Amino acid sequence: MANVTVKAQFMLSTGELVSMSGTLPEGTSSELQTSTTYSTAATSIGQFANGKTITAIVQPPTAPNGIAYAFLERRGAIICVIPVAVDGVQSQPCAMPAMVQLQAGDTIQVMANTSADREFGYSVITNRGVHAIFAGTPTGAGNTDLTHILSGQSIGQSLTGQSVVQHFATSVDGSKLSTGGVLCLNDRGLPVGGCSATKPATLQPKLNSVGGYAVNLNFVARVTTSS
């Protein structure tokens with residue numbers, strides 16, 4: 001795995017545009033800071049724009065090879081999932097999924113990957129405004145149950161009593177995905193909802209509200225692959 005250039009551009013509530021850029025390691029969630037081309041030093045988004053709000057994503061966090069997820073982090077928690085992209089494969093700008101007033105200490109975390117990394121990333125927003133990301137890496141034919149990237153919990157343990165109302169998923173596996181993405185299975189192993197997966201090198205993932213579902217304790221988010 002290599003160190004690669006990751007970049008993003010965000011609009012603030014003040015009308016300013018913040019340019020983010022940095023050299024980040026593939027395969028490790030790392031902080032993306034402001035670009036030194038347009039600021040005197042690379043700083044965290046919370047320090048740079050303390051008290052302001054990100055209103056729009058002009059360019060999502062973008063990596064050259066592969067990318068699984070990104071999020072706005074505060075005191076070790078996910079407060080907003082962020083769409084991601086691969087260089088040269090970007091859609092139109094979009095609104096920030098949550099209007100969060102930034103605080104000093106807030107950071108943007110990005111998981112850049114190699115083009116062959118099979119990590120499956122699943123970003124969700126619930127009816128209570130909770131943002132969460134689940135991930136797992138298939139290694140062959142079979143099932144991979146996704147777990148929360150911070151707590152290691154299943155989707156049922158993490159979001160019980162809530163409903164997923166928006167989500168997007170990323171994967172390089174394409175035709176290897178037996179269900180086209182991720183399914184949420186209830187405690188009887190039956191699907192109650194799900195989300196198709198997008199290959200970022202082909203199409204930019206976008207949040208959608210199709211396939212949402214209520215979550216209970218023993219539910220799992222499962223990815224099934226043919227090889």
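Student: What makes arginine 222 partly exposed?

Tutor: Its relative accessible area is 25%. Buried means under 20% and exposed over 50%, with partly exposed in between (1.4 Å probe, protein chains only). So arginine 222 is partly exposed. This is a predicted model: local features need pLDDT of at least 70, side-chain atom pairs count only at pLDDT 80 or more, and totals for chains, interfaces and linings use all residues. Residues are numbered from 1 along each chain as its sequence is written, and side-chain values use heavy atoms, leaving out hydrogens and water.

Student: Why is the contact between aspartate 145 and arginine 222 called a salt bridge?

Tutor: A salt bridge needs a side-chain nitrogen of Lys or Arg within 4 Å of a carboxyl oxygen of Asp or Glu. Here the closest N and O atoms are 2.7 Å apart. Therefore the pair qualifies.

Student: How do you know which class aspartate 145 belongs to?

Tutor: Its relative accessible area is 34%, so aspartate 145 is partly exposed.

Student: What makes lysine 52 and glutamate 16 a salt bridge?

Tutor: Their closest N and O atoms are 2.6 Å apart.

Student: Why is lysine 52 called partly exposed?

Tutor: Lysine 52 has 21% relative accessibility, so it counts as partly exposed. Glutamate 16, at 31%, is partly exposed too.

Student: How many salt bridges does the rule give?

Tutor: The count is five. Among them is lysine 7 with aspartate 87, at 3.3 Å from N to O.
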